[in-house]
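Thanks for coming, everyone. I'll keep this short. Please have the model up on your screens.

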Amino acid sequence: MIVDAGRQRIPLRSRDAIDVAALVRRLDLVLLLAVAALVGYGLWAVAGITRFDIPGDSGYFVTRQAIAAAIGGTGLVVAILTPPSLYRRHWRVVYGGTIGLMIFVFVFAEAVRGSKRWIELGPFQFQPSEFGKALFVLAIAGFLVEKQHRIGRLRTVATAIGLAIVPMVLVFLQPDLGTALVYAAALSAVLFLSGVRWLHLGLLLGVAALLVGSVLWFLPASGIEVLKPYQTARLTGFTNPDSDPSGLTYNVNQSITAVGAGGLEGRGVTDASQTRFDYLPEHATDFVFASFAEQRGFFGASILLLLYLLVVWRGLRVVTVAGDLYGAVVAGGIVFAFLFQVFVNVGMTMGIAPVTGIPLPFVTVGGSSMVANLVAVGVLQAIHARGREADVLRR
Amino acid sequence: MSDAPYGERRNTSTRFLPPDPGIEAPYRLTPGLALRVGVLGVVALMVFAVLFFRLWSLQVLSGDTYLAAAQGNQLRTIRIEAPRGTILDRNGKPIVDNVAGTAVKVWVGDLPKQGRYDVIKRLAWVLKVPPARLAKEVDQRIADPLNPITVKTAVGEDQVAYLYEHQAEFPGVQIQQTYLRHYPHQTLAAQVLGYVGEVSEGDLERRPKLYRSGDKVGKAGVESTFDEFLRGESGQAQIRVDSLGRPQGPLEPKREARPGHAVRLTIDIGLQRAAERALRYGIATARENESYYANGGALVALDPRDGAVLAMASTPTYKPSVYVGRVDPKKIQPLVNDAAAKRQNYPGINRVTTGVYPPGSTWKPVVALAAMQEHLLEPYESVGCTPSATYGLDKQEFVNWDPYVNHAMSLPEALARSCDTYFYDVGYRFYLGGDKGRTRMQEWARRFGFGAPAGIDVGREETGLLPTPAWRKRTFASDWDKAWNPGDSIQLAIGQKDVAVTPLQMARFYAMLANGGKLVKPYVVSQVETSAARGQAPVVERRFTPDPPESVGVDPAALQVIRDGLYAATHSTYGTSSGVFSSFPIAVAGKTGTAEKVVPIPGYPPGHLEDQSWWCGYGPAQTEVARIVVCAVIENGGHGSTAAAPAALRVFERFFGVKAETQTLVETD
C-alpha cells in the first residue's frame with residue numbers, strides 16, 4: 001500500500017489509519033440518507049407535536065431536539081472513524097464502562113417520577129441507559145467473538161448471558177423495564193448471530209418463556225412480586241384494553257383513538273385535539289407515534305414506517321457485508337434492538353404491544369436517545385466501511 | 001507508516017504475507033450466518049407488516065369512528081341555567097325574584113384518580129362545607145360523570161377569587177353563574193310560595209325527560225304546582241376542554257336558555273302583610289286576654305265574587321330563604337324534622353288549607369241554612385234561648401255560653417247573640433228526623449263545600465270531617481261509641497265535638513253567604529306571563545279564569561235571614577263582635593266562633609280543652625256586593641271576639657283603607 005503525505009497526517013494508529021475519502025466512499029449512502037431523512041422527518045414531526053406544549057415557545061422542543069441531532073451527528077462521525085475492532089479488543093473495558101455507567105446512575109441520578117434514569121449534565125439531562133444499548137451490544141458481541149471457537153458450548157452461552165444479566169438487572173432496577181427489554185432483544189440477536197447452536201437457542205427460548213410466565217403469573221400467584229403492579233398491568237393490559245378504560249388502559253385507549261382519528265390524511269397540527277388538549281399523555285415521548293399519526297395520518301405515518309424499514313433493511317445488509325464476525329454480530333444486535341424499539345413503541349400506541357417506556361428512535365423527544373441512536377448508526381457505518389475495505393483487500 | 005504506534009506494526013505487515021496458518025482464516029460470510037440474517041430479515045418484514053396492517057386498520061378502516069371519539073373527547077356540553085320566573089302579586093310587584101349568584105360545581109369524571117380526596121378536602125375547606133358530606137356525594141355520583149355536583153351556590157367573592165387563582169389545584173371544579181331565589185319580603189306568604197330545591201331522585205324517575213340531575217325544581221306551594229311555567233328551559237353551550245377539564249376556548253352557545261315565565265298571584269302584598277301582622281296581633285291580643293297558649297293561627301281573605309285569594313296567612317312561619325344556596329341542615333330542621341317542627345308549632349304547614357279545627361259558632365249559619373232548607377225551622381219562628389236545656393233519655397244538660405239570656409228569639413237574633421240553646425233545639429230537630437234526618441244537616445254542609453277539598457290550585461288540602469251516623473259506625477269499635485246520640489246532633493249544631501273544617505272551607509262558605517248562594521273555587525294564581533322587560537307591559541301567556549261559582553241551591557230568602565243575623569252580630573247591641581266592628585265605617589258582617597278543641601298542653605291532664613278563636617265574615621255587607629271575605633282562626637286564642645275578630649278587623653282596615661274608630665273587646669262566644 002502506498003503511503004501518501006495526506007495519510008500521514010491522520011492521527012490514528014496505523015492499523016486503522018484509513019483514507020478518509022476512501023472511508024466516505026465505502027459508507028452505505030442509502031443508510032446514511034435514510035437516517036438523515038428520518039432525523040429530518042422526526043424533527044418535523046416533533047415540531048408539530050410539541051407546538052402547543054410550551055405556551056409562547058412553540059419551538060422549544062424542536063430546537064433542543066435539533067441540537068441533540070447535531071451532537072449526535074458529531075458522534076456519528078466519531079463512531080465512523082473509530083475502528084470497530086477497537087471495541088472488540090477492549091470489550092472488557094467497554095463492558096466495565098457500561099456497568100460503571102449504570103452504577104453511576106444509581107448513585108447520582110435524580111429520581112424523576114419514581115425512577116432514576118437521568119444524570120444532570122449542565123443544562124442537559126443525560127440518560128446513560130440509552131448509550132448503554134450500543135455499549136452492551138459491543139461488549140457482549142466482543143465476548144462471544146473472542147470465545148468463537150467454543151461457541152458451541154452451553155457454558156459459553158451461559159457466561160455470555162451471565163455477563164449480560166448484570167447491566168440488564170441494573171437498568172431494570174432503575175426501574176426502566178422497557179430499556180431492559182431492549183437489552184434482552186439485543187442480547188438475543190447477538191447470541192443468534194454469533195452462532196449459538198439452534199438447540200441452545202431453543203433451550204434459551206424455553207427458559208425465557210418460563211421466566212416471563214413466572215414473573216407475570218406464577219410468582220405473583222404465589223405471592224412474590226417481581227414487577228411492580230403497574231408494570232404487570234401495562235405488560236398484560238394491552239391484551240384487554242377495555243378492562244379499565246379510565247385507569248391503566250386509559251393511555252392506550254386515548255392513543256388508539258388518536259391514531260384512528262388521524263385517518264388517511266391526518267388532522268393537522270391545530271386540529272389534532274388528542275395531542276393538543278393533552279388527552280394523549282406523554283405525546284412527545286412514549287406516545288409520540290400516536291400524536292404523529294393523528295396529525296399526519298396514514299400517509300405521514302406510513303412514510304415514517306417505511307423509513308424505519310429502510311434503515312432496518314440496510315442495517316441487516318451491513319450484517320452481511322461486515323468485514324468480520326464481530327462486525328456482523330454487533331450490526332445485528334444494533335439493528336435488532338432498533339427493530340424491537342420501533343415495534344414495541346409503535347405497536348404500543350396502536351394497542352398491539354405492551355405499554356413500556358421505550359422511545360421511538362429519532363422521533364421521541366429526548367437528546368440521549370437521539371445521540372445514542374446516531375452513534376449506533378455511526379457504528380453500523382464503520383462496520384460497513386471496514387467490511388467494504390476487507391472486500392477490496394480480498395479482491 | 002513508520003509513525004504508527006508500535007503495537008500495530010506486526011499486524012500491518014501481515015497484510016502483505018500469505019495467510020499464517022496460526023492465525024484464523026479470513027472472515028467470510030458463512031451460509032449459516034446468512035441463514036440467520038435471513039431469519040432476522042423475515043422477522044423484520046413480519047414486524048412491519050403487522051404495524052402497517054394495524055395502522056391501516058385503525059386509520060383507514062375505522063378512522064371515522066375514532067375521529068368521532070376524539071371529537072367527543074374535547075367538547076363538553078354545558079347546560080345554561082334558565083332564570084326561574086318571578087312570582088308577582090296581583091299588582092305585578094315581585095314577591096319572589098332572582099339574584100345572580102356563583103355556584104361551584106364538581107365534575108366527578110374530571111377529578112384526579114389519585115388524590116381525589118385531597119381535592120375534595122381542599123374544596124370543602126375553601127367553601128366551608130363539611131368534607132365528609134361532599135366526599136360521600138362524590139362517591140354516590142361516581143357512576144354519573146355527565147352531570148356535575150353542585151357543591152355550593154351563593155359562593156362568596158373571596159372564595160371565587162381564590163378558586164380562580166388556584167385553578168390548577170382544583171381539577172374538575174367549575175365556577176358558574178347561577179340564579180338564586182330572592183325573597184324581598186322575607187317570610188311573606190312563605191307557605192303559599194313554597195320553595196325551590198335540587199331535584200330529588202323520585203322526581204328524576206318520574207319525569208326523566210324533564211328533569212336532569214342537579215336541576216332546581218319547586219318543592220312546595222306555587223313553586224311546585226307551577227314549576228312547569230316557572231322553570232323555563234335551560235340552554236346549551238359547548239366548550240372545548242383539555243384532558244383536565246380546563247376550558248380551551250370560549251363558550252359557544254348552542255341553544256339560548258328560555259327564562260321561566262312569571263306567575264302572577266291573586267294575593268296582594270299589602271293585604272298579605274296586613275293579614276300576617278293581624279295574626280300576630282290576634283295572638284298577642286289573645287295572650288293579653290289570658291289565653292296564654294295562643295301560638296298559631298290562620299287567616300284567609302277571598303274575593304267572594306270569584307274565589308280569588310287576596311291574602312293567605314299562616315303563623316308561625318319561616319323564611320323560604322333557608323332553602324337558598326347551600327342548605328344549613330340546622331335551619332331547616334323545623335321544616336323537615338317532626339320533633340323540631342313540633343317544638344316550633346309546625347311553621348312549614350299552611351294552616352289555611354291544612355289546619356283542621358272544630359268551627360264552633362261560625363258553623364251556626366250552616367245549621368240555620370240547612371234547617372230552613374229542610375223546613376225544620378222558620379226564620380222568624382220564636383225559639384227559646386235558655387241558659388241550659390236537657391236532651392235525651394239520660395236528660396243530659398247542655399248550657400248556653402251566656403247564662404244571662406233567657407228569652408225566645410228569631411233566627412237573626414240567635415245568630416247575633418250566638419245562642420247555643422237555640423241551636424241545640426235546631427240540632428235536636430234534625431236528630432228527631434230519624435236515620436235520614438240525622439244526615440240532612442251534613443248533606444247540606446257537604447253542598448256548602450265541607451268535608452271535601454276546596455279545590456284550590458296550590459298546595460295540599462285537608463278535607464276536614466263531617467260526622468255522620470255512618471261515619472260513627474265505621475270508625476268506632478264499641479257499641480256505645482258507634483251510636484249516634486242526641487248529643488251528636490246537638491253538638492254538631494254548634495260546630496263542636498267531631499266536626500272539623502279548614503279555614504279555607506269556612507271562608508268559602510262565608511263567600512257563598514256573601515255572594516248570594518254560589519260556591520266559589522278559591523285560586524291563588526291568576527295568570528302566567530312572560531317576564532316583563534323593563535318598561536314594557538307583560539305578555540300574558542296563559543290566564544287561569546276561575547270556574548264560575550256554582551249555585552248551591554239555597555233559598556235567597558233564607559240566605560238573607562242569615563245575612564241579617566250576621567250583620568246584627570257585628571252591629572246590634574247584642575252582637576257578639578259588635579264591640580270590634582260596629583264603629584268600622586264599612587258595613588262588615590260576620591260571626592264569631594269559640595270552639596273547644598282537645599289540645600295536649602304539658603301540665604294539663606289528657607283531654608284538656610282549649611278554645612280556638614274564630615271569626616268569619618265579609619264586607620261591605622247588606623247594601624252592597626261584598627268584595628272581601630275574611631276568615632281567621634287563632635289557635636288556643638280563647639273567645640272569637642277577643643282574638644280572631646280584632647285580627648280580621650285589621651285586614652278589613654287595610655283592604656278598605658279606613659280605620660275603625662273604637663274597638664271594644666268583649667268576651668263572647
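Chain B has an accessible surface of about 30,600 Å², and 53% of that belongs to carbon and sulfur atoms. Keep in mind that this is a predicted model. Chain A exposes about 16,000 Å², with carbon and sulfur atoms supplying 67%.

Next, burial. Of the 669 residues in chain B, 52% count as buried. For chain A, the figure is 55% of 395 residues.

Now the folds. Chain B comes to 25 helices and 23 strands. Chain A has 17 helices and 3 strands. What about contact range? Take contacts in chain B with a separation of 6 or more: 72% of them are between residues 24 or more positions apart. In chain A, among contacts between residues at least 6 apart in sequence, 71% join residues at least 24 apart.

Back to the surface. Which residues form the nonpolar patch? From chain A, we have A:Leu264 and A:Phe299. From chain B, we have B:Phe53, B:Trp56, B:Val60 and B:Leu61. Together they have about 580 Å² of accessible area. Helix 2 of chain B, residues 31-61, gives the most to this patch, with 4 residues.

Look at B:Val60 for a moment. Its place is in that helix 2 of chain B.

At the start, a side-chain oxygen of B:Asp268 reaches to within 2.9 Å of the backbone nitrogen of B:Gly270. Just after the helix, B:Glu290 takes a positive phi of about 70°.

Last stop, chain A. Find A:Gln148 in the loop between helix 7 (128-146) and helix 8 (154-172). Its relative accessible area is 26%, so A:Gln148 is partly exposed. What does A:Gln148 touch, leaving out residues up to four places away in sequence? The partners are A:Ser194 and A:Leu325. A:Ser194 is 46 residues from A:Gln148 in sequence, yet their C-alpha atoms are 7.6 Å apart in space.

That's my tour. Over to you.

Definitions and conventions
Residues are numbered from 1 along each chain as its sequence is written. Chains are lettered from A and ligands numbered from 1 in the order in which they are written. This is a predicted model: local features need pLDDT of at least 70, side-chain atom pairs count only at pLDDT 80 or more; totals for chains, interfaces and linings use all residues. Side-chain values use heavy atoms; hydrogens and water are left out. A polar contact is a pair of N or O atoms within 3.5 Å; within protein, one must be able to donate a hydrogen and the other to accept it, and residues adjacent in sequence count only if both atoms are side-chain atoms. Helices (H or I, at least four residues) and strands (E, at least two) are DSSP runs, numbered from the N terminus. Buried means under 20% relative accessible area, exposed over 50%, partly exposed in between (1.4 Å probe, protein chains only). Contact means heavy atoms within 4.5 Å. Accessible areas come from the Shrake-Rupley method with a 1.4 Å probe; for residues, only the protein chains shown count as cover. Patches are made of residues with over 30% relative accessible area and no salt bridge: like charges are joined within 9 Å, nonpolar side chains (Val, Leu, Ile, Met, Phe, Trp, Tyr) within 5 Å. A salt bridge is a side-chain nitrogen of Lys or Arg within 4 Å of a carboxyl oxygen of Asp or Glu.
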